[in-house]
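Open the model in your viewer and get the selection tool ready. We will walk through it stop by stop, beginning with a sheet.

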Amino acid sequence: MPFDNPLALAALASVIPLIILYLLRPKPLQVRIPSLMFLLDIKEENKRFYTSITKLIKDPLFLIQLLVLILLALAAASPYLQTQEALSGEHTVLIIDGSASMQTDNRFSEAVSKAEDYVSRKNSIILAQSTPVTVLESESAQVAYETLALMQAKATVADLSGAISAGMRMLSEEGGNIVLISDLASWSGDDPVNAMKLAESYGLTVQFILVGREADNVGFIQGSIEAINGSYNYTAVVKNYQSSRQIIDIEIENLDSGKKNTVQPNIPARSTKQITLGNLGSGITEVRILDEDSLAADNIAYISIPRISDRRLLYVSDVDNLPSQVALSLIPNINLNKLEGVPEDVSGYSIVVIANKERSLASNEISTLKSYLDMGGRAIFIGSDALLTANTNQELAELLPVRPVSVEDTRGVTLEVVQQTRLSEDIEFNEVAMYQFLNVTSRMDSATLVSTEEDIPVLTYGSVGDGTVVYFGINDITGEEAWNNFHNLPEYPVFWFKLAGWLGGTGGVQDYNLKTGTVSVLAKEQEIKTPGSIRTVGRVLYDEVGVYQVAGKEIAVNIYNDRESDTTLIGNNVIERSQTQDGPKIVRASSYTAKEYLDNYMIIIVFALVILELLIIRKRGEL
């Protein structure tokens with residue numbers, strides 16, 4: 001008989017003290033009667049060895065207590081029997097398409113209504129988005145009904161095959177049903193019919209339920225922002241999906257200044273029209289199609305232009321024209337101010353970069369930085385001799401996400417990415433030749449993104465108050481005293497552009513304008529404001545159209561997807577392909593191996609034995 005926890009069988013040793021206790025318990029007083037003494041003396045030698053053992057075996061209390069100890073030890077070891085069970089149809093995984101096209105007319109509410117018809121004894125619910133989201137797992141029918149009533153469509157492209165794969169994992173042992181409810185108009189990833197056939201080959205039942213009807217629509221399917229001579233121009237593409245020419249009323253409003261104007265493009269049937277808006281003001285601009293149609297999510301294009309305060313960066317260094325300073329100054333529309341010390345007021349800057357090579361910061365400068373970080377500021381410290389503990393005071397050490405120990409003078413050190421983020425995309429850190437670097441240890445509350453092969457942090461961030469502080473251990477001194485060659489690589493300015501944008505506030509305008517389905521990792525878990533709610537997250541999935549407030553930035557998010565906006569698409573052909581019988585043969589038997597645990601039965605027997613023991617003690621008059 002197999003056990004899940006065989007180490008618990010060591011508890012069987014508890015029977016040894018029980019046996020010893022019964023062997024050593026006081027014996028009844030024997031009185032010799034002279035007339036019988038001769039007969040007893042004859043048999044005494046033969047019985048002496050067996051008397052104690054016989055009494056133990058005949059004592060019901062001993063046997064009961066022995067069984068209780070054995071059963072408790074076995075129950076703790078979780079014994080089980082393996083049985084072959086038929087694949088169950090009681091577990092149903094409901095996959096509801098949460099893509100933008102499902103917001104057309106009442107498609108999503110129709111999907112929820114149809115899903116209620118498939119609720120079973122055990123239910124899981126997956127909302128198909130760019131990344132499938134498990135909303136419910138293995139819950140009752142009542143919980144499933146309550147969850148369905150709260151669900152809403154999002155504005156991404158749905159990965160339907162990924163959602164089916166997630167459902168397969170949920171049903172991998174017991175089997176069950178997968179029900180996909182969608183308009184099947186478009187998707188990302190693999191063809192959902194392929195995922196369906198694969199699931200069926202593993203003995204699962206898969207159904208596609210089609211919702212929606214063709215509808216009229218006009219919407220924004222593309223948008224781009226370009227900086228020209230210090231001003232921003234926006235170019236949008238509007239598509240008319242209707243069967244007749246349409247004159248569209250479009251209103252443009254800057255929410256900061258309140259300035260409005262309108263345009264009226266004339267768009268032929270099934271055609272597109274490009275509109276260009278010049279000299280956009282800072283802040284949020286809404287470009288709205290005023291004509292009502294079946295899909296409202298693509299009728300507004302949001303534009304976010306960084307405000308002046310978002311584009312101010314303070315660079316503090318005791319050396320002029322370092323590569324990091326040059327790289328940051330090349331970021332479009334960035335106002336970089338280079339100083340030799342930290343001024344008394346840094347509240348107007350989005351990021352403060354400390355690039356001193358020899359001079360340590362004074363106490364008043366550190367105090368200013370701490371106040372700045374406590375209020376949500378962002379600071380970057382570049383590794384150098386100036387950060388060594390011997391050259392700094394304890395106040396600065398408390399701000400850094402690492403503890404500098406010494407300068408390592410070595411060659412052949414290779415850098416590696418510890419955590420994949422957009423900071424490491426297209427950056428070949430393993431090609432950086434390191435000659436010298438700071439030997440540091442990370443603090444417990446910090447996160448390391450890049451390190452050496454010996455796990456010495458090179459790119460690490462942490463929190464100070466409501467702010468974020470970054471340690472970048474690749475010194476950018478040039479010439480014969482250079483610590484590395486990173487500043488000579490073409491990826492160097494790209495890295496600083498990414499780092500500035502990742503921290504928030506100084507990246508290109510593209511960092512302020514995203515498409516739905518984009519995922520970003522924040523420097524720390526923090527509160528963000530979405531178009532529909534306020535959440536505390538460390539990872540943001542932009543799945544709604546509108547303005548997000550993240551890390552002090554206003555981020556405009558739009559659909560910009562031709563197929564999602566095409567409300568004339570209905571997946572009848574997908575239904576037809578899903579009903580063909582040319583899929584792979586079943587590669588899984590109609591049963592699965594189940595574990596029948598016996599510990600509960602053993603506990604029940606133990607309770608029965610304890611009750612029996614109490615009855616015996618009471619009958620003996622010992623209770």
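Start with the open sheet: eight strands in the order 17-16-18-19-25-24-23-21, with mixed pairing. Strands here are DSSP E runs of at least two residues, and helices are H or I runs of at least four, both numbered from the N terminus; two strands pair if DSSP finds at least two bridges between them. This is a predicted model, in which local features need pLDDT of at least 70, side-chain atom pairs count only at pLDDT 80 or more, and totals for chains, interfaces and linings use all residues. Residues are numbered from 1 along each chain as its sequence is written, and side-chain values use heavy atoms, leaving out hydrogens and water.

Next, select 335–339 and 415–417: these are strands 17 and 21, the edge strands, each pairing on one side only.

Move to residues 312–316 and 351–354, where strand 16 and strand 18 pair in the parallel sense over four bridges. Click on Y315 and look for its bridge partner in strand 18, V353.

Angles run from 0 to 180 degrees between N-to-C directions, with axes fitted to C-alpha atoms, for helices over the stretch in contact; contact means heavy atoms within 4.5 Å.

For the last stop, select 160–170 and 192–201: helix 6 and helix 7 pack at about 15°, their axes 8 Å apart. Helix 6 is therefore roughly parallel to helix 7 (angles under 35 degrees count as such). Show side chains for the contact, including I164 and M168 of helix 6 and M196 and L198 of helix 7.

Methods: Angles under 35 degrees count as roughly parallel, over 145 as roughly antiparallel, 65 to 115 as roughly perpendicular and the rest as oblique.
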